[in-house]
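Hi everyone, thanks for coming.

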Amino acid sequence: MRTRPSPRTRGPRRAHRIRGARRRATARLTATLLGAAALLVSACSPGNPAAPTGGTVQAALAALPRATPAALTPYYGQRLRWRECGVPGFECASMKAPLDYAHPDAGTVRLAVARKKATGTAGRLGSLLVNPGGPGGSAVEYLQQYAGLGYPARIRARYDMVAMDPRGVARSEPVKCLDGRQMDAYTQTDMTPDDQRERDALVAADRRFAESCGAHSARLLRHVSTVEAARDMDILRSVLGDRRLNYVGASYGTFLGATYAGLFPERVGRMVLDGAMDPSLDARRLNLDQTAGFETAFQAFAKDCVRRSDCPLGGSGATPARVGDRLRAFFRELDAHPLPSGDADGRRLGEALATTGVIASMYDEGSWAQLREALTSAIKEHDGAGLLSLADIYYERDADGRYSNLMMANAAVNCLDLPSAFSGPEEVEKALPAFEKASPVFGPGLAWASLNCAYWPVRATGEPHRIEAKGAAPIVVVGTVRDPATPYRWARSLAGQLSSARLLTYAGDGHTAYGRGSDCIDTAIDTYLLRGTPPPSGKRCS
């Protein structure tokens with residue numbers, strides 16, 4: 001989910017690159033996690049979920065009744081009107097869902113749906129719904145720019161590729177909060193306060209963000225939970241004419257998919273959960289775990305850095321520990337003296353945006369070369385443009401200063417799904433040693449980033465819980481050993497909770513595994529999607 005990396009980390013939101021897909025030069029870095037400020041932790045033994053701060057979670061998500069309630073029949077029976085939508089080969093439609101499932105007659109939300117029909121004529125397998133994570137990532141955009149073009153041809157031949165922006169996201173009645181200038185100020189907020197004045201400024205920034213969301217999206221904020229989004233997916237399954245839901249979800253998309261499985265276990269088809277989240281953890285544990293995950297990714301970067309002549313944090317006799325020391329010193333210097341960036345709106349590169357740029361590059365080792373170049377420009381040439389560009393990609397800010405609603409939706413979903421990690425600055429102060437231990441480089445900023453839900457205008461409706469989905473067909477849970485955003489232990493924990501899970505492990509770097517270049521991973525998932533044969537539990541790939 002997206003919270004704010006020392007600036008604002010989004011929880012694991014993820015834009016995974018699929019084999020053969022067209023890559024934008026500025027590939028989207030969608031992580032998955034708690035959002036606008038929440039990250040995740042898990043300390044679990046194989047097969048058992050980690051206990052949240054308050055103790056082991058015993059409660060499991062209860063399945064809904066199999067029969068569709070009469071009040072929901074009009075939604076399940078609606079017909080979608082498909083139309084061209086500006087991207088060749090894709091069709092779009094608008095689907096209605098109840099704003100409040102407890103009161104289906106109290107208003108609706110309109111949800112954007114897109115599809116690309118199967119390219120083959122024989123052996124069709126129905127629809128394959130995809131979600132890239134976030135929360136807040138646009139599934140429709142992901143389908144049109146990645147999955148619908150770059151998933152393996154044999155999968156696209158047999159499945160209609162489908163996506164739906166979850167409620168509050170992108171084209172589906174987006175949550176609205178700050179405007180572009182206000183977002184610029186928010187993303188530059190000092191996330192490592194040194195005194196009371198800076199702590200007060202950070203709290204004030206989080207309050208303004210929350211109050212703005214409440215003022216501009218009051219109707220939606222109580223109804224953008226993951227449970228509601230999962231129920232929307234079941235309506236979509238029905239109107240598409242599918243008996244079971246086939247689904248590939250990445251990062252936060254794994255939480256969404258697992259929630260669907262828990263609510264509708266008998267309707268689970270072929271389901272892949274890549275870069276898994278652990279629903280049994282509370283917000284503080286989630287944030288702490290993700291902090292440790294980013295440290296793991298940074299250590300991999302640092303080990304690579306000392307072997308390269310173009311890494312400005314390395315040099316003669318450098319060690320990975322020395323790389324971390326030099327990066328922290330660089331951040332401290334930016335805190336006191338931001339760098340010019342040539343930005344048209346006058347933004348300078350301070351510690352917050354620089355940290356965001358570095359964290360953004362931890363999602364994919366393919367970004368390390370760009371990070372080294374950006375760090376070289378900043379450290380040796382005093383030019384902050386490269387790191388600022390990485391931060392803008394992460395926040396989805398365009399050249400005209402406009403932001404997508406990613407960060408707004410991320411906060412709205414995360415703050416509704418779980419109670420805040422911290423109730424105020426005093427609790428953050430007490431937790432700082434644990435976060436600094438988890439990551440000397442990123443810990444303090446990520447600890448303070450976990451405070452934002454404390455000021456949210458609506459109370460959380462969710463709690464940590466196990467998801468067992470008893471009776472579901474086999475579900476493939478994928479974990480990457482050095483995943484920065486969704487630590488591997490989460491995948492182990494979720495696989496231990498789901499009654500029918502098969503754990504597939506990628507012994508590599510980066511966020512998520514499918515389509516990252518491992519033939520072993522890709523073959524296992526493709527075989528499952530095409531034949532329904534899951535890999536043996538415990539299968540490990542490199």
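Okay, let's start at one residue: Glu396, which sits in the loop between α12 (385-395) and α13 (406-417). Before going on, please keep in mind that this is a predicted model. So, is Glu396 buried or exposed? Glu396 counts as buried, because its relative accessibility is 18% and the cut-off for buried is under 20%. And what does its side chain do? The side chains of Glu396 and Ser404 are joined by a polar contact of 2.5 Å.

Now to Arg397, which lies in that loop between α12 and α13 too. Arg397 meets Asp345 in a salt bridge, 2.8 Å from N to O. Asp345 is in the loop between α9 and α10 (351-361), so this pair ties together parts that are 52 residues apart in sequence.

Let's move to another pair. Arg372 and Asp310 form a salt bridge, and their closest N and O atoms are 3.0 Å apart. Where are they in the chain? Arg372 belongs to helix α11 (residues 368-381), while Asp310 is in the loop between α8 (283-305) and α9 (320-336); the two are 62 residues apart, so this pair links distant parts of the chain. Arg372 counts as buried at 6% relative accessibility, and Asp310 counts as partly exposed at 38%.

Lys470 counts as exposed here, with 62% relative accessibility. How many salt bridges are there by this rule? The count comes to 28.

Let's zoom out to finish. The protein has 17 helices and 12 strands. Of its 542 residues, 64% count as buried. If you take the contacts with a separation of 6 or more, 77% of them come from residues 24 or more positions apart. And the surface? The protein exposes about 19,600 Å², with carbon and sulfur atoms supplying 48% of that.

Notes. Residues numbered from 1 in each chain as written. Predicted model: local features only at pLDDT ≥ 70, side-chain atom pairs only at ≥ 80, totals over all residues. Heavy atoms only, no water. Helix = DSSP H or I, 4+ residues; strand = E, 2+ residues; numbered from the N terminus. Buried < 20%, exposed > 50% of the residue type's maximum accessible area, 1.4 Å probe, protein only. Contact = heavy atoms within 4.5 Å. Areas by Shrake-Rupley, 256 points an atom, 1.4 Å probe, with all protein chains shown as cover. Polar contact = N/O pair within 3.5 Å; in protein donor to acceptor, adjacent residues only side chain to side chain. Salt bridge = Lys/Arg side-chain N within 4 Å of Asp/Glu carboxyl O.
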